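Open your viewer and get ready to select a few pieces one after another.

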Amino acid sequence: MTEQGATSRPRSARRWTVVGLGVITLTLLAACDEREFILPGPREDVRSVLTQGEESAEPAAVVADEARSIQLPAQVANADAAQGFGTPTFRTTHPSLGTSLRPVFAVNIGEGDSRKHRIVADPVVSGGRIFTLDSQTTVTAVSTSGAVLWQRNILPDGADEGDATGGGLAADGNVVYVSTGFGALTALDATSGNTVWVQDLEATGSGRPTVFGDLIYIMAGDDTAWALDKSDGRLVWQIEGPESATNVLGAPAPIVVDGLAVFSFGSGDMQAVFRQGGLRRWDASVLGERKGRALSKYDDVTGRPIAANGVVYAGNHSGRTVAVDANSGGRIWSANEGAIDMVLPVGGSVFVISDRNELVRLDASDGTRIWGTDLPGFVDSKPGRQAEVYAHHGPILAGGRLIVASSDELLRSFDPVSGALTATTAVPSGASTAPVVAGQTLYLVTRDGQLVAYR
C-alpha cells in the first residue's frame, strides 16, 4: 500500500463524517419547525385524586367583600355551657351577653402556657361551677362568683408532670370528665373533685370528650375512636382510623347528630358511625389545600366539626373548609378558606377564623366568601423574623356580635353583617382558649393560667 493511498482514506472518512453531521443537524432543525400538538380539554392536577377526595370541583368564584344582611336567632339566657359546641343538643347558638364587657374576676387555675406546655381545654360551665384544666394536669372548679371550690391534680401514678400536655373537658350531671395528654380519661365528682373512675386510652388523650346518653365518645392518639360507658369507663366499642404524623394538639370533640357519632381523625378524615354500636355509616374528608399561601400543610381537622340543619361543617389548617350531608357524608361544597378553631354556622352564613388570620364569613349554601376582616398576624413583622403568629380563638356569637379572643391581649367584637370591628376589651397576658358564655357572663382562660370572667 502506497503512502498516498494510506493518507487518502482518512480524508474520505473525514468528509463522510462532516456530511453525516450535516444531515443530523438538518434533521434536528426540521424537527424544531414542527408545531407541537396540544391535546384539547381542561388541565387537571394529576395529584388531585390523592388530595381532593370526593371533591368534584372548586367552589363558586370568589365575590368582592360585601355587607350582607343576616337574620340572627333570638338571644337565649343560658345557664350552662357544659360540652362542646359541635353537637346541636348542647349548643346555645346565640347566648345573651351585655354590650359592654368589663372584667368581673380573675382566678389562678394552675400552670399557664410555656415552651413545652399549652392550655388547650376550653372551660365548661355546669351547675353553677366553671371547670378548667391547666397546661398540665390540674383541674379546678370555680364558683360563678369567683371562689375556688376545689383543685385536683390528676397526674397518673409514676408519671412526670412535664412529660405531656393538653386535654379536654366535658360535664354531665354531677360528673366532670377530663382527658389528658398522658392518655387517660378521668371522671371526677363535680362537687368534691374526688375520682369516680379512670380509663387508660392507650394513647395520648388530649382530645375533648363528648357525653351523650349513656356513652362517652373521645379520640385517642388522633387515630382511634372510643365509646365508653359513662358509669364506669369500660370500653363499649372502638374504631380505628388512618394514622397521621402531622397532627395539631387537641383533637376536636366528637359530635352526635341523628343517631350518629362523627369523629375527626388526624389524617383529615371524618367518619360517622351509629352511636350505639359503632357500625360505620359514612366517610368524608377535609383533605385539600389552597394553592399559594396557607398556614401549614397539616391535614388534621382543626376547624372543629359542627352539625347544623342536617349539615356537618369542618375545616383544616391548609386552606379548606367543607360542608357535608350529615346523613350520607356527601360533599355539598368546599371553600378555599381554612378554619383553625371553631366553625360557626348561623343565619345562613358560616363564620371561621381562617388560616390566613382573617375572620371570614361564607355563604352557607355554597361556601362562597361574603367578607373577610384581617386579624393580627405575625408577632414580629420584621423580615426574617416572621415565624410566630398570634393565636385567635372563636368565633362565637353572643349579644348580637361575633367575638374572637386572641393571644395579643384583646377580646374583639365584630358586626356579623359587615365584619366591622365594633369593640375591644383587654385580656391581660392574652387568651389561650376560646370564650364560652353562660349566665350572661363570658369566660376564658389566659396564657398565664387565669380564669377570667367578663360581664
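Start by selecting S15 together with strand S16 (residues 269-274): they pair in the antiparallel sense over five bridges. Strands here are DSSP runs (E, at least two residues; helices are H or I, at least four), numbered from the N terminus, and two strands pair if DSSP finds at least two bridges between them. This is a predicted model, where local features need pLDDT of at least 70 and side-chain atom pairs count only at pLDDT 80 or more, while totals for chains, interfaces and linings use all residues. Residues are numbered from 1 along each chain as its sequence is written, and side-chain values use heavy atoms, leaving out hydrogens and water.

Now pick Phe 263, whose bridge partner in S16 is Gln 271.

Val 256 has Ala 261 of S15 as its bridge partner. Two residues separate S14 and S15 in this hairpin, and Asp 258 in the turn has a positive phi of about 50 degrees.

Color S15 (residues 260-264) by accessibility: five of its five residues are buried (under 20% relative accessible area, 1.4 Å probe, protein chains only; exposed is over 50%, partly exposed in between). Leu 260, Val 262 and Ser 264 lie on one side, Ala 261 and Phe 263 on the other.

Finally, zoom out: the protein chain has two helices and 32 strands, and buried residues make up 51% of its 455 residues.
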